[in-house]
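Q: Could you walk me through this model, a few spots at a time? I'd like the cut-offs spelled out as we go.

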Amino acid sequence: MKKQFNWVLAAILTISGASVLTSCSKDDDNAVVQSITKESFTLWNQCEALTVLQDYVKDVTNPSSPNFIKEEDRIATFDMDGTFVGELYPSYFEYNLLEYRALDDASYEAPKDVMETAQEIRDFVRNGKKLPDHFDMKHAYAAAKAYSGMTLAQFDDYVKAYAAQPANGFSGMTYGQSFYKPMLEVFEYLKDNGFTYYVVSGSDRFICRALVESIGIEPNRVIGMDVKLMSSSQGTEAGVDYTMSQKEDLVRTDELIIKNLKTNKVLQISQEIGKVPVLSFGNSSGDCAMHNYCMGNKTYKTATFMLVADDDARDHADLAEGARREAKWREAGYHVISMKNDFKTIYGDGVVKTDFTFPVE
């Protein structure tokens, strides 16, 4: 009877939305179940998006449900910038990093085209000048050049050093701390319910790895923009003809392989994960293809979520653009997460939005 009661209690707690951690020990052939509960979403207001997510997870993890998904197929994909990492300070982290690299880093002499691209970022950030069309690709080619020759360890250190700087437009936070705290609770909730999640970003894969290391996301679960790598002594020889020695390092080259946006995200998911996701989280049009790929899963029930930057009190947001996006995402069948209405906090205690500041040139 005691055993039956414990399993019933565990089921009730799971249905209530709390995560249940169980451990069993055998004593005189009687299994003793110890249940420890933790509240999953302390930083969220009760809202439509959260209800949808919890109802979905309860359904697909219930072995008695016709929508049950076996654990190895519980795959979730997350965009990074603007989905669980800040992107409005006042631009993407990787754009700010290139601007610094080309225009402010005295140890680096940038090629002319890299300087031009960095200056366009600076003019956008400081003066509101519109970026050229297809700037995402222009930036990608410039970034490939800007860090060419760095070993992976050197680049990781470079990214982390910049990430330790105060985040522009905020007090009490560095770039490397600028995670949306409520979204980190989503990671924990999914992990507790047997999901495996991947970061699928348009930003450089190794920038993403450096940023998410502090929140425990393993590097093999990060997909992003890629440049070609080579061995430090490989020279012009093809990798298929060259044998790397134990003393060599891997270095970045200036050859762009892929900018991981839109349908490229889908191609990378297919190649690197090998399964169609059942959950997908994003915030922009660059994530729509990934969401649609998820929704086209022919085997399992799915859900997709778009986060809307609609909070101009605690973050930097374009309210009119946020409203346009919300309408567009709902029409597409995505569930909308409102930063303003759904999050009790964005970056956590002690972080305050400020005006942007720039050094005098």
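A: What follows goes through selected residues, helix packing and backbone details.

Q: What kind of model is it, and how are residues numbered?
A: It is a predicted model, in which local features need pLDDT of at least 70 and side-chain atom pairs count only at pLDDT 80 or more, while totals for chains, interfaces and linings use all residues. Residues are numbered from 1 along each chain as its sequence is written, and side-chain values use heavy atoms, with hydrogens and water left out.

Q: Okay, where does Lys259 sit?
A: Lys259 lies in the loop between β7 (250-258) and α9 (263-272), where helices (H or I, at least four residues) and strands (E, at least two) are DSSP runs numbered from the N terminus.

Q: Is Lys259 buried or exposed?
A: Lys259 counts as buried because its relative accessibility is 7%; buried means under 20% relative accessible area, exposed means over 50%, and partly exposed is in between, with a 1.4 Å probe and protein chains only.

Q: Which side chain does it make a polar contact with?
A: The side chain of Lys259 is joined to that of Glu94 by a polar contact of 3.1 Å. A polar contact is a pair of N or O atoms within 3.5 Å; within protein, one must be able to donate a hydrogen and the other to accept it, and residues adjacent in sequence count only if both atoms are side-chain atoms.

Q: And what else is Lys259 in contact with?
A: Apart from its neighbours within four places in sequence, Lys259 is in contact with Glu94, Asp136, Met137, His139, Ala140, Gly202, Met225 and Asn264, contact meaning heavy atoms within 4.5 Å.

Q: Switching to helices: how do α6 and α8 pack?
A: Helix α6 (residues 152-163) and helix α8 (residues 205-212) pack at an angle of about 55°, with their axes 9 Å apart. That makes α6 oblique to α8. Axes here are lines fitted to C-alpha atoms, for helices over the stretch in contact, and angles run from 0 to 180 degrees between N-to-C directions; those under 35 degrees count as roughly parallel, over 145 as roughly antiparallel, 65 to 115 as roughly perpendicular and the rest as oblique.

Q: How covered is α8 overall?
A: α8 is mostly covered, with seven of its eight residues buried, and these buried residues pack against α3 (93-103), α6, β5, β6 (222-231), β7 and α9. At the start of α8, a side-chain oxygen of Asp204 comes to within 2.7 Å of the backbone nitrogen of Phe206.

Q: What about α9 against α10?
A: Those two helices, α9 and α10, pack at an angle of about 50° with their axes 6 Å apart, and α9 and α10 are therefore oblique to each other. Their crossing is right-handed. The contact involves Thr263, Lys265, Val266, Ile269 and Ser270 of α9 and Ala289, Met290 and Tyr293 of α10, which by class gives five nonpolar, two polar and one charged residues.

Q: Last topic, backbone: which peptide bond is cis?
A: The bond from Tyr89 to Pro90 is cis, with omega near -20°, and Pro90 is in the loop between β3 and α3.

Q: Which non-glycine residues have positive phi?
A: Among them are His134, with phi near 60°, and Lys262, with phi of about 50°. His134 is exposed, with a relative accessible area of 67%, whereas Lys262 is partly exposed at 49%.

Technical notes
A crossing is left-handed if the near helix is turned anticlockwise from the far one by less than a right angle, and right-handed if clockwise. Ala, Val, Leu, Ile, Met, Phe, Trp, Tyr, Cys and Pro count as nonpolar, Asp, Glu, Lys and Arg as charged, and the others, Gly among them, as polar.
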